[in-house]
Amino acid sequence: MEILYIMIPLGLVLVALGLWAFFWATGSGQFDDLDSPGWTVLEDDKAPPQDDPTRKEEPRP
Amino acid sequence: MTATGAPCFHCGEPIPRGLVLHARVAGRDEPVCCHGCKAVAEFITGAGLGDYYRYRDTASSRADEAPRPDRWSAYDRPELVERLTRAEPGGARSITVLLEGLRCAACSWLADKALSLQSGVLDVSVNPATARARLVWDPDKVRLGDLLRVLEHVGLRPHPLAGEPSEQVALLERRSALKRLAVAGFGSMQVMMFAVPLYFGEATGMDATMREYMRLVSMLVSIPVALYSGWPFYQGAWIALRSRSVSMDVPVSLGIVLAFVASVWHALTGQGEVYFDSVTMFVFFLSLGRYIEMIARHRAGSVADALARLAPMTARRVRDGVTEDVQAVELGVGDELLVRSGEVFAADGAVLEGDGRVDESMLTGESQATPKAPGALVHQGTLNLATPLRVRVTAVAGNTVLAGIVALLERAQAERPRLARAADRAAAWFLGRILVGAALVFAVWWFVDPARAFPATLSVLVVTCPCALSLATPTALAAATAALARRGVLVAHTDAIETLSKATHVLWDKTGTLTKGLVRIEDVRTFGSTTAEQALAWAAALEQLSEHPIARAFTASGMATGRAAEVEVHAGRGVEGSIAGHRLRIGSRSFANELARTVGAGAAGPETDDGSADSWVYLGDASGLLAAFRLTDPLRPEARDCVTGLAALGLPSEIVSGDQPGAVARIAERCGIAREAARLTPQGKLARLKELQGTGAVVVAVGDGINDAPLLRGADVAVAMGRGSALAQTSADLILVRESLDDLPHTVKLARRTQRVIRQNLSWAVTYNLAALPLAALGFVPPWLAAIGMSLSSIVVVLNAMRLSRGTVPQRRSGYPAVPGTEAA
């Protein structure tokens with residue numbers, strides 16, 4: 001059972017790492033919108049018509 | 001009653017019978033209901049965004065009018081843009097735009113794509129949960145006005161939110177709440193993991209060092225939960241205490257602090273029980289509930305946003321004979337404004353020139369337009385229906401009537417007397433018992449053994465708030481809130497669930513709740529060779545100059561092709577005019593028919609009086625009647641079922657409306673409502689509400705207009721419609737996002753179930769504690785049994801609460817995106 005004296009601190013370090021990652025993700029806006037990014041995978045990458053000068057060369061990712 | 005056939009391709013509304021109008025979409029002709037929808041659908045597919053129609057899961061909102069490009073021209077002026085927007089690195093500008101009509105994730109995808117395709121746009125983020133978009137663009141390459149025009153072209157109504165980035169504040173608030181929630185979630189899981197061996201260690205014989213170690217580790221993990229995650233509760237409690245009131249935060253903070261301090265004391269001294277598992281789970285479930293509530297509130301928006309939607313941000317100022325577009329904040333008292341028909345007044349003022357009608361329903365609730373002659377006062381936020389008016393500004397910004405209403409609501413919102421009262425009662429009852437008990441224990445121990453008085457008192461305080469007891473209410477409320485959010489019912493204030501379960505009456509504002517709130521053309525019948533489209537085009541052209549509210553049903557369709565000349569308005573009868581030499585009349589049957597020289601074949605026409613008492617409007621020329629239009633404010637199809645369902649639950653309905661008695665009586669009859677009151681002012685509605693409340697009734701009010709805001713504010717439970725006015729939403733406890741009235745009886749049922757579950761949980765927890773604690777104290781319960789009992793007690797409570805979220809979402813008819821975070825429950 002003495003192993004617990006090492007394993008529990010190790011586990012807590014992992015939890016701290018996980019929390020740090022979560023904080024980073026929240027801070028960088030990963031959780032601001034959970035709905036619309038799901039739709040982006042469904043969209044086809046097609047180049048917009050070249051003859052239209054009001055559009056960009058490449059569709060934004 | 002409704003038109004048959006396929007609904008509109010874009011907005012899903014029924015297409016007026018007899019109208020044949022198509023939008024060219026992806027090489028196919030799709031039926032649409034009006035020119036507005038046609039333009040939007042063709043623009044969307046033309047821009048290569050046709051995938052939107054494949055992805056969306058709710059119909060789009062109706063494009064009420066053809067886009068008016070000149071509306072955004074003020075936003076093309078650099079100096080205005082500079083004042084409205086924020087500077088970003090590299091010379092870019094950013095602004096937050098509220099998108100009315102944004103309904104689902106596909107809509108936000110559409111807005112994102114449409115903007116991203118424009119050159120000069122550096123970043124777009126659209127949040128469907130709050131219906132707001134943040135735009136960053138390069139002002140050298142593209143003008144803000146053009147971007148707003150693009151949004152309008154795809155069928156969304158953009159409202160730029162100027163000035164202080166309240167949206168940014170809300171975003172930071174959400175992020176910080178999510179972090180606190182995560183700390184509480186991770187922490188409670190960890191502590192639970194240590195609590196189980198601690199409980200069972202008692203039974204199987206854990207050595208004392210290990211036990212001590214586990215307790216210290218639990219303490220270590222609990223510290224961030226109690227301090228960081230619990231911080232908002234302490235803050236709320238402090239604010240409440242400083243203002244000499246008791247909010248829900250006070251007993252919550254007291255519970256957390258007492259249990260935590262006692263546990264720390266016990267862990268450090270190695271004596272007595274620790275309750276770290278209870279503390280962390282308590283904080284977690286409370287934070288979860290608060291988080292879901294906050295998302296709902298952010299979606300409903302702030303009062304300031306509501307003002308932004310109502311009052312236009314630009315105005316047309318006349319100075320030295322020159323007309324210029326200016327920002328509304330630039331206006332000063334004494335300025336002269338030109339307000340065209342269909343425009344909203346940007347300030348309060350007095351009419352200088354022009355003789356027209358103004359729709360003041362947003363302020364007064366009166367659906368009939370008010371005539372305005374020179375000298376009459378007009379108000380900010382009201383809509384000019386007819387002739388252009390020249391107005392001398394008498395009040396701007398914070399001094400207008402509208403701003404006064406908003407300020408009133410803001411104050412009421414800050415005070416929220418109902419909420420405080422409810423929490424007050426519960427807190428006083430609970431705290432009173434605990435404190436008296438603790439004081440007794442302290443007094444007794446003081447005489448028996450003074451050294452043990454303090455720990456014993458702490459134990460009593462903590463034991464009276466044990467795991468199961470502290471979880472009983474928050475878990476049930478969190479589960480119910482999450483279940484409702486998945487169904488599209490947003491709960492802005494969780495105490496509304498408790499009040500709703502006790503409700504006895506429902507007051508409806510008719511327009512926009514029982515009905516859809518839009519006068520529209522339901523049916524077009526043509527006589528002879530005229531086509532429906534031709535008839536509508538003529539009607540729209542004739543009605544363009546009319547001030548009658550009905551005229552808006554025609555002009556909104558965007559059908560007008562030509563301009564009518566020699567227009568003559570016959571009060572109370574109709575309009576006469578000529579289009580390209582063709583003399584036409586629109587109005588009542590006899591009026592429209594009078595142009596015909598001989599009352600002959602044309603007059604016979606099909607029988608249109610079907611007794612439904614909907615409004616019929618006729619179009620005629622020299623040859624007789626050409627067409628008939630039926631206009632209705634359609635009843636929501638589920639309205640009758642909803643009223644019946646509520647009555648079955650013991651909640652009789654009653655209509656309080658500002659509308660005409662005839663229309664109100666008709667709707668009441670069709671919904672099966674026995675009691676109705678018509679032509680009520682907002683004060684009249686409030687008086688009826690107070691009268692009911694005076695008899696001890698608990699009243700639910702359902703409304704959607706600005707004129708309903710006082711009624712909603714005064715009601716015990718306020719329900720607003722998802723597409724209703726923003727002011728109504730900020731006053732609401734519940735928001736029906738899907739606008740499906742079926743949700744209302746369901747919510748009442750769920751609220752009652754929630755109350756039942758809370759009562760079960762509380763009685764279980766109290767019974768368990770009452771039975772187990774004295775027995776354990778007297779040594780009748782072996783430690784292993786106490787351990788199992790303790791865990792089981794909490795698990796029973798949590799599982800019982802979770803029953804609320806299961807089986808309550810029978811059909812997800814429309815895909816309102818779930819509120820982020822609700823899955824966690």
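B:V81 counts as buried because 20 C-beta neighbours lie inside 10 Å of its own C-beta, and 20 is the number at which a residue is called buried. This comes from a predicted model, in which B:V81 has its place in helix α3 (residues 78–84) of chain B.

**Around B:V81**
- Leaving aside residues up to four places away in sequence, B:V81 touches B:Y75, B:R93, B:P139 and B:L144.
- Between B:V81 and B:S94 there are 13 residues of separation in sequence, and their C-alpha atoms are 9.8 Å apart in space.

**Chain B as a whole**
- Chain B has 825 residues, of which 50% count as buried, and it contains 29 helices and 29 strands.
- When contacts between residues at least 6 apart in sequence are considered, 66% of those in chain B join residues at least 24 apart.

- In soluble globular proteins, nonpolar side chains tend to be buried together.
- The largest nonpolar core here has 108 residues, and the residues with the most contacts inside it are B:V700, B:A701, B:V719 and B:L734.
- Helix α10 (residues 276–300) of chain B gives this core its largest share, which is 12 residues.
- At least three residues of this core come from each of domain 3 (170–301 + 415–483 + 750–824) and domain 4 (488–517 + 636–749) of chain B.
- Apart from this core lies another, of 75 residues, among them B:L115, B:A131, B:W538 and B:V575.
- Not counting residues up to four places away in sequence, B:V700 touches B:L500, B:A503, B:H505, B:V506, B:A715, B:D716, B:V717 and B:V719.

How values were computed: Residues numbered from 1 in each chain as written. Chains lettered and ligands numbered in written order. Predicted model: local features only at pLDDT ≥ 70, side-chain atom pairs only at ≥ 80, totals over all residues. Helix = DSSP H or I, 4+ residues; strand = E, 2+ residues; numbered from the N terminus. Buried ≥ 20, exposed ≤ 12 C-beta atoms within 10 Å, placed from the backbone. Contact = placed C-beta atoms within 7 Å. Core = buried A, V, L, I, M, F, W, Y, C linked by C-beta atoms within 7 Å. Domains from an automatic or database assignment.
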